[in-house]
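User: I have a new model open and want a quick walk through it. Can you take my questions as they come?

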Amino acid sequence: MISKFLSKLKSILFKSAVTSESPLKKEKKAAKSAKTKTKTKTKTKNKTKAVNSKKNIETLTTLPGVGAKSAKALYEAGFKTTKAVIAADEKDLLAVSGVGINLVKKLKNLK
């Protein structure tokens, strides 16, 4: 184990004498660029998720009796599409806050 450590140390020392940057600086730069790429991808994914959720909520408002608040509540409860809302059981819809019996009756008449 010590021999591996010493050989690794020698290789690092000799490489640093030949190159202008030490291996540690190269590793730090590589890690930094990887972090910025990850942040950019995460921001892009979050933006597309936000846009998609807004579009889905807007499509839920096309159902009769569903306003902005109830559409958001339905979306957050897991009903992402109008088909999912129409096909849902009455008990599941009533479990969503902001959805009452009258709205459920209107939605069930769509079947």
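**Around helix H3**

Analyst: Starting just after H3, Gly 78 has a positive phi of about 110°. Keep in mind that this is a predicted model.

User: Which residues of H3 are buried?

Analyst: H3 covers residues 68-76, and its buried residues are Ser 70, Ala 71, Ala 73, Leu 74 and Tyr 75.

User: Take Ala 71. What is its relative accessibility?

Analyst: It is 0%. Ala 71 counts as buried because that value is under the 20% cut-off.

User: What does Ala 71 touch, leaving out residues up to four places away in sequence?

Analyst: Ala 71 touches Ile 57, Leu 60, Thr 61 and Val 66.

User: How far is Ala 71 from Thr 59?

Analyst: The C-alpha atoms are 8.5 Å apart. Along the sequence, the two residues are 12 apart.

User: Now Ala 68, also in H3. Buried or exposed?

Analyst: Exposed. Ala 68 has a relative accessible area of 57%, so it passes the cut-off of over 50%.

User: And where does Ala 68 sit relative to Glu 58?

Analyst: Their C-alpha atoms are separated by 7.6 Å.

User: What about Ile 57 and Glu 76?

Analyst: They are 19 residues apart along the chain. Their C-alpha atoms are 9.4 Å apart.

User: Change of topic. Which residues make the nonpolar surface patch of about 520 Å²?

Analyst: Ile 2, Phe 5, Leu 6, Leu 9 and Leu 13 make that patch.

User: Where is Leu 9, and how exposed is it?

Analyst: Leu 9 is in H1, residues 2-18. Leu 9 is partly exposed, because its relative accessible area of 37% falls between the 20% and 50% cut-offs.

User: Now the overall picture. How many helices and strands?

Analyst: Six helices and zero strands. From the N terminus, the order of elements is α-α-α-α-α-α.

User: What share of the residues is buried?

Analyst: The protein has 111 residues, and 18% of them count as buried.

User: And the accessible surface?

Analyst: About 8,900 Å² for the protein. Carbon and sulfur atoms account for 61% of that.

User: Last one. What fraction of contacts between residues at least 6 apart in sequence join residues at least 24 apart?

Analyst: In this protein, 27% of those contacts do.

Technical notes. Residues are numbered from 1 along each chain as its sequence is written. This is a predicted model: local features need pLDDT of at least 70, side-chain atom pairs count only at pLDDT 80 or more; totals for chains, interfaces and linings use all residues. Side-chain values use heavy atoms; hydrogens and water are left out. Patches are made of residues with over 30% relative accessible area and no salt bridge: like charges are joined within 9 Å, nonpolar side chains (Val, Leu, Ile, Met, Phe, Trp, Tyr) within 5 Å. Accessible areas come from the Shrake-Rupley method with a 1.4 Å probe; for residues, only the protein chains shown count as cover. A salt bridge is a side-chain nitrogen of Lys or Arg within 4 Å of a carboxyl oxygen of Asp or Glu. Helices (H or I, at least four residues) and strands (E, at least two) are DSSP runs, numbered from the N terminus. Buried means under 20% relative accessible area, exposed over 50%, partly exposed in between (1.4 Å probe, protein chains only). Contact means heavy atoms within 4.5 Å.
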